[in-house]
Structures are given as C-alpha cells and as structure tokens.
Amino acid sequence: MYLRTTKTMDISSIRNRDLPAGCVWMSKAVMDNVMFTHPEDRNIQNTVFGGFIMRQATELSAILGYKYSRQRPILKSISDINFQKPISIGSLLQMHAYVVFTEENYLQFIVIATAYDTKTFITQQTNTFHITYRTAEKVPEVIPSTYHQTMMFVDGRRHFLGALKKESMHQEK
C-alpha cells in the first residue's frame, strides 16, 4: 500500500506521497461532533445511558459513511463496543468517527468518544465502537498516511474480517 503512494524509493518519498486514483486519504475520512449531556440521557447511576452513546456513535458513523461513499450505507455489524468510563451528566460528549478500512462495498469505522467533565475540567476517552457498513456500489479505498493511521487501518481490517466471518456463519444457519 505504501509503495502505491510513492514514485521512488528515496527518503524524500516519505513526505512526498501521491494518492492513487480511486482512493481517499484516511485524514479526509473523519467526522466529529460535540454535544452536552442532559439529565434526560441518564441511567439509574446518574451517568449517561449507554444506549444514548451507542446511538450517537452509530448516527455519526452513518453520516460519515454517506458522505464518504455518496450513497446510503446499510449497517451490517457493530463488532466491538468498549465502555471504559462512565460519563457524568453535564459533561461535553465529543465523538470522533474515522473510516479506517474499506473493501469493495464495505466500510469499517471506529468511533471514539471522549468526555470533558465540566466540573473537573478533565477530558478522558470513554468509549470505542467498531462499526461495519455495506453499500450498494463499490466505495473508494481509504489509505493511511501516518503510522497511527496505519495501526487504525490494521485494527479496522481485523474487526472487518471478524464481522464478515460472523455474518457468513449467521447466513449458514
């Protein structure tokens, strides 16, 4: 993948990379949002209800999927959800969605939620979601341009293959 973005193998090619036709840099396949958390979004522990966070992550990834592919994506799998920390009511909830892997007409996303506590002024990562969508037509290939993005790509590919395997096992039954 790296070699497809370079013209030569000299050291200057690390900084001077070209995007292949039909591809999108991962840094351009990102969408964020920020919202206040309100009392109506709370659970019995008086923190933000997990279902509310899941809905926000799914909606943001669907919007990014539509923007990225220019077609309506169909949710295929939510392969992994990690609830790391509870979110206090009144915090600012920020979601960061990334297209981390594509194959044919599939898109793999990671959505990372962070919370800014308005009482302690501390920002912490609270949740991670891995979501797979399918579209009717082929989507542009996403290409990482940094080491961090490459690690997201590798992890996204692993989650995509797991979701695909789970879907094929489900169809066999």
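Select residues 147-172: this run is helix 2, and Met 151 lies in it. Helices here are DSSP runs (H or I, at least four residues), numbered from the N terminus. The model is predicted: local features need pLDDT of at least 70, side-chain atom pairs count only at pLDDT 80 or more, and totals for chains, interfaces and linings use all residues. Residues are numbered from 1 along each chain as its sequence is written, and side-chain values use heavy atoms, with hydrogens and water left out.

Stay on Met 151. Its relative accessible area is 38%, so Met 151 counts as partly exposed (buried is under 20%, exposed over 50%, partly exposed in between; 1.4 Å probe, protein chains only).

With Met 151 they make a nonpolar surface patch of about 330 Å² accessible area together. Patch members have over 30% relative accessible area and no salt bridge; nonpolar side chains (Val, Leu, Ile, Met, Phe, Trp, Tyr) are joined within 5 Å, like charges within 9 Å. Areas come from the Shrake-Rupley method with a 1.4 Å probe; for residues, only the protein chains shown count as cover.

Next, the salt bridges (a side-chain nitrogen of Lys or Arg within 4 Å of a carboxyl oxygen of Asp or Glu). The whole structure holds two.

Select Arg 158 and Asp 155. Their closest N and O atoms are 2.5 Å apart. The two are three residues apart in helix 2, so about one helical turn separates them. Arg 158 is exposed at 53%; Asp 155 is partly exposed at 22%.

Finish in helix 1, residues 50-69, where Arg 55 and Glu 59 sit four residues apart. They form a salt bridge, with closest N and O atoms 2.7 Å apart. Arg 55 is exposed at 52%; Glu 59 is partly exposed at 35%.
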